[in-house]
Amino acid sequence: MPLQPDIVDQIVRIIGEERRVLIKKTDLLGYGYDASFGFFVPDLVCQVKCVEEVSEIIKLANREKIPITPRGNASGLSGGALPIEGGIVIDVSLWNDVLEIHRDDMIAVVSPGVITADIDRVAQKVGLMYPPDPSSSNVSTIAGNIAENSGGPRGLKYGVTKDYVLGLQVVTPEGHIIRTGGRTIKNVTGYDLTKLIVGSEGTLGIITEAILRLIPRPQATISLMAVFDDIVQAGYAITNVLTSGILPSKIEFMDQASIWAVESYRPMGLPINAEAVLFIELDGHPLAIRDEADYVYKLMQKTGALRVQKAETSDQEEKMWKARKLVSPAVARHKPTKISEDATVPRSQIPSFLKRLREIKDKFDIELVVFGHAGDGNLHPNILCDQRNKEEMKKVEKAVAAIFEAALDLGETLSGEHGIGLMKKSFMPMEFDQFSLEMMKRIKQAWDPNNIMNPGKIFPKPGDRLVLR
């Protein structure tokens, strides 16, 4: 039901600027979407710019038991930013005034609405790097990345977002402003609340500031592309590299459908007759990575690559990685609906998982495109379809379930970097036993006794199932 006028008036007084409190239907409609499926219109949107605003709004919402949905730029793929129970959306996307690089301490202090890629760009000016690099990094906010524990291609060597969050300022579901962690690399004082908040998908509080670890920027990079006529053989090549004693910064994978999509979207010179290609980046000291690149080159040939191409110039290297970046927008042009999944298997199981995906594609007669961060086992099976075709979507729903079943059979997890949100919560009992889920729910209950913070996410309810129609 709509918020009472007195509640709206109180929120306007808290914000102090009526233009940052959105209540018109035309304004609210834009907040009913994110990058996944579903459409849920909130009752009100607050475009916050300071922690005191967030604290007072949440105190009010907690008293009145009004649902709160945190939101950045809504680039998430699991429905985490969808206000499925209405209520108030707290939008942090305008709150980007702090981006401080402390070179000697090798940390960054940032506001929640800062764009993730901007952190790395500013750090680069002083020879440092912020490694997490999700595909959405040029549009996603850092608070959203922290809430989803985002990854990216560099996750193979450098880890994911949780490995770089040293401390947080958080507003709890009861409106308390707390700080977790700090500015030091080592900190074992008390429970690690920072790690608890990272990846909690906005269900335990709203991130209002982050202290991030930076690392020295590598001196040089070398990139290679290996071409295969067998998708499973490409999987074996990945495991061979990872057990060779060399740790690339990236190993990215594209299947033939991905290659065709990119070449029809924006020709990049990819081998359209190949079953799969691998993009491999090595970084570090120039002399060291030159020897490593030679070794990987020979290893790819030994593992059955039809051709191995090394980027000889920075322009060639940039073009190579641009081709990989174009996959997602390229495949989206092929059909009106793209189901972007996010399955992760142990590295040794990559060949088996690729084989299972091929079987699922044939069994359900679907258009399946596979690409992703193969170096850490995080593949993105994308199903291309038309949401208006109900019969096709029934097949797609069954295929998605089969993908998760296959991955879990191989020792996998439901999500490597997209989160659970709304889209995957019905599959949670496939990965966790009842008591494990119960322990998670107890944590949620302790932090959020009135269940106002991003309700309806992560935890399945009886009868929940994936519905894409």
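Predicted model: local features only at pLDDT ≥ 70, side-chain atom pairs only at ≥ 80, totals over all residues.
1. Between β1 and β2 the pairing is antiparallel, over two bridges, and leucine 22 has valine 45 in β2 as its bridge partner.

2. **A look along β3.** Strand β3 pairs with β4 in the parallel sense, over four bridges. Proline 70 has isoleucine 90 in β4 as its bridge partner. In a regular strand, side chains alternate between the two faces of the sheet. In β3, Ile68 and Pro70 point one way while Thr69 and Arg71 point the other way. Are these four buried or exposed? All of them are buried.

3. **A nonpolar patch on the surface.** Leu29, Tyr33 and Phe39 form a nonpolar surface patch, and together they have about 280 Å² of accessible area. Phenylalanine 39 sits in the loop between α2 (25-28) and β2 (44-47). With a relative accessibility of 39%, phenylalanine 39 counts as partly exposed.

4. **Two positive phi angles.** Methionine 106 is not a glycine, yet its phi is positive, at about 55°. You will find methionine 106 in the loop between β5 (99-102) and β6 (107-110), partly exposed at 29% relative accessibility. Asparagine 451, also not a glycine, has a positive phi of about 50°. Asparagine 451 belongs to the segment after α16 (434-447) and is partly exposed, its relative accessible area being 40%.

5. **Salt bridges.** How many salt bridges does the structure hold? The count is 25. One network of salt bridges links Glu17, Arg19, Arg20 and Glu53. Elsewhere, lysine 310 and aspartate 294 meet through their side chains at 3.6 Å, N to O. This pair links distant parts of the chain, with lysine 310 in strand β15 (residues 307-310) and aspartate 294 in helix α10 (residues 286-302), 16 residues apart. Another salt bridge joins aspartate 365 to lysine 395, with their closest N and O atoms 4.0 Å apart. Aspartate 365 is in the loop between α13 (350-364) and β18 (367-373) and lysine 395 is in helix α14, so this pair ties together parts 30 residues apart in sequence. Aspartate 365 is exposed at 60% relative accessibility, whereas lysine 395 is partly exposed at 31%.

6. Lysine 425 forms a salt bridge with aspartate 464, the closest N and O atoms lying 3.4 Å apart. Because lysine 425 lies in the loop between α14 and α15 and aspartate 464 in the segment after α16, the pair ties together parts 39 residues apart in sequence. Lysine 425 is buried, at 7% relative accessibility, while aspartate 464 is partly exposed at 29%. Serine 426 is in the loop between α14 (390-409) and α15 (428-431), and among the residues it touches are Pro460 and Asp464. Serine 426 and valine 467 are 41 residues apart in sequence, with their C-alpha atoms 10.0 Å apart in space.

How values were computed: Residues numbered from 1 in each chain as written. Heavy atoms only, no water. Patch = residues over 30% accessible without salt bridge, like charges linked within 9 Å, V, L, I, M, F, W, Y side chains within 5 Å. Areas by Shrake-Rupley, 256 points an atom, 1.4 Å probe, with all protein chains shown as cover. Buried < 20%, exposed > 50% of the residue type's maximum accessible area, 1.4 Å probe, protein only. Contact = heavy atoms within 4.5 Å. Pairing = 2+ DSSP bridges. Lists of a residue's contacts leave out its neighbours within four places in sequence.
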